[in-house]
Amino acid sequence: MYGSGDSRKGLPNDKEDTMMRTNRSATVTRKTGETDITITLTLDGNQDIHVDTGIGFLDHMLHLLAKHGRFGLAVKAVGDTYVDAHHTVEDIALTLGQALTQALGDKAGIERYGDAWVPMDEALTQVVIDLSGRPYLVFNGEFTTPVLGGNFETELVEDFFQALAVSGAMNLHVRNEYGRNTHHIIESMFKATGRALRKAVTINPDIQGVNSTKGMI
């Protein structure tokens, strides 16, 4: 047994706390009259990605976000895509943001801020994130192609990020600087979001508690 003055006292608890904070994941299910969605998001360790939304282009974008964010992501979604993709896209973003919020817990030790510039051929996009607990979206992007993949209306990209910002309680700025090809522009947005999120969720051992003078975020 360690004595009360032994510097090793409490190491098992400290180690357990570190393990809990570096194995952050959450599973969230959202079921409505329009959609049935289950998402598992893993911030540390497992980086397996399995996405099935019934919307091919969205599958591709979510896979890119997770890959470039180095997240584990499992998405299973069934929605009323016979109407259009709107309900499914928006509800997936809402569920993903909720999973992020749950996986982060009290946000102790996280960097909180993240940013990324990502080029995709002729397109260039900047994404800046603050996991502030105060939802706000600034979106700057225009798409010349109205539909991609047969059933994905490109105006839904802004709706996706709006829902993600709200449910993920983040300040999210998505700014496309330039680009010609709509697919490339949107791809650069999702890749940059993944990379910015990776920075924001990273635990920095030099940060004591939460990264805010308020004492909470």
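Guide: Happy to. One definition to begin: rings of Phe, Tyr and Trp (its six-membered ring) pair if their centres lie within 6.5 Å, and planes under 30 degrees apart count as stacked, over 60 as edge-to-face and the rest as tilted. By that rule, a search of the whole structure finds six aromatic pairs.

Visitor: Which pair comes with its ring geometry?

Guide: Phe139 and Phe143: their ring centres are 6.4 Å apart and the planes sit at 65 degrees, so the pair is edge-to-face.

Visitor: And which residues do ring pairs link into a cluster?

Guide: The cluster consists of Phe139, Phe143, Phe160, Phe161 and Phe190, linked by ring pairs.

Visitor: Before we go on, what sort of model is this?

Guide: This is a predicted model, where local features need pLDDT of at least 70 and side-chain atom pairs count only at pLDDT 80 or more, while totals for chains, interfaces and linings use all residues. Residues are numbered from 1 along each chain as its sequence is written, and side-chain values use heavy atoms, with hydrogens and water left out.

Visitor: Good to know. How many helices and strands does the protein have?

Guide: There are five helices and ten strands. Helices (H or I, at least four residues) and strands (E, at least two) are DSSP runs, numbered from the N terminus.

Visitor: How much of the protein is buried?

Guide: Of its 217 residues, 47% count as buried. Buried means under 20% relative accessible area, exposed over 50%, and partly exposed in between (1.4 Å probe, protein chains only).

Visitor: Back to Phe139. Where is it, and is it buried or exposed?

Guide: Phe139 lies in strand β7. Phe139 is buried, with a relative accessible area of 15%.

Visitor: What is Phe139 in contact with?

Guide: Contact means heavy atoms within 4.5 Å. Leaving aside neighbours within four places in sequence, Phe139 is in contact with Val157, Glu158, Phe161, Val174 and Met189. Phe139 and Phe161 are 22 residues apart in sequence, with 8.2 Å from C-alpha to C-alpha.

Visitor: Phe161 is in a helix, I think. Which residues of α4 are buried?

Guide: In α4, the buried ones are Leu156, Val157, Phe160, Phe161, Ala163, Leu164, Ala165 and Ser167. What covers them includes α2, α3, β7 (136–140), β9 (152–153), β10 (171–178) and α5.

Visitor: What follows α4?

Guide: Ala169 follows α4, in the loop between α4 and β10. Ala169 has a positive phi of about 50 degrees although it is not a glycine. Most residues other than glycine have a negative phi. Ala169 is also buried, with a relative accessible area of 15%.

Visitor: New topic: how do α2 and α5 cross?

Guide: The axes of α2 (residues 56–69) and α5 (residues 182–201) come within 7 Å and cross at roughly 35 degrees. Axes here are lines fitted to C-alpha atoms, for helices over the stretch in contact, and angles run from 0 to 180 degrees between N-to-C directions.

Visitor: Which residues make the contact?

Guide: From α2 they include Phe57, His60, Met61 and Leu64, and from α5 they include His183, Ile186, Glu187 and Phe190.

Visitor: Which residues of α2 are buried?

Guide: Phe57, Leu58, Asp59, Met61, Leu62, Leu64, Leu65, Ala66 and Gly69 are the buried residues of α2. After α2 comes Arg70, whose phi is positive, near 55 degrees.

Visitor: Now Ala200, in α5. Is it buried or exposed?

Guide: At 0% relative accessibility, Ala200 counts as buried. Not counting residues up to four places away in sequence, Ala200 touches Ile110, Glu111, Arg112, Tyr113, Gly114, Ile129 and Leu131. The C-alpha atoms of Ala200 and Gly114 are separated by 4.4 Å, with the two residues 86 apart along the chain.

Visitor: Arg112 is on that list. Where is it?

Guide: Arg112 is in the loop between α3 and β5. Arg112 is buried, with a relative accessible area of 7%, and has a positive phi of about 80 degrees although it is not a glycine.

Visitor: And Asp106, is that one buried or exposed?

Guide: Asp106 counts as exposed, at 58% relative accessibility. Asp106 is in the loop between α3 (86–104) and β5 (113–120). Asp106 and Ile217 are 111 residues apart in sequence and 7.8 Å apart in space, C-alpha to C-alpha.
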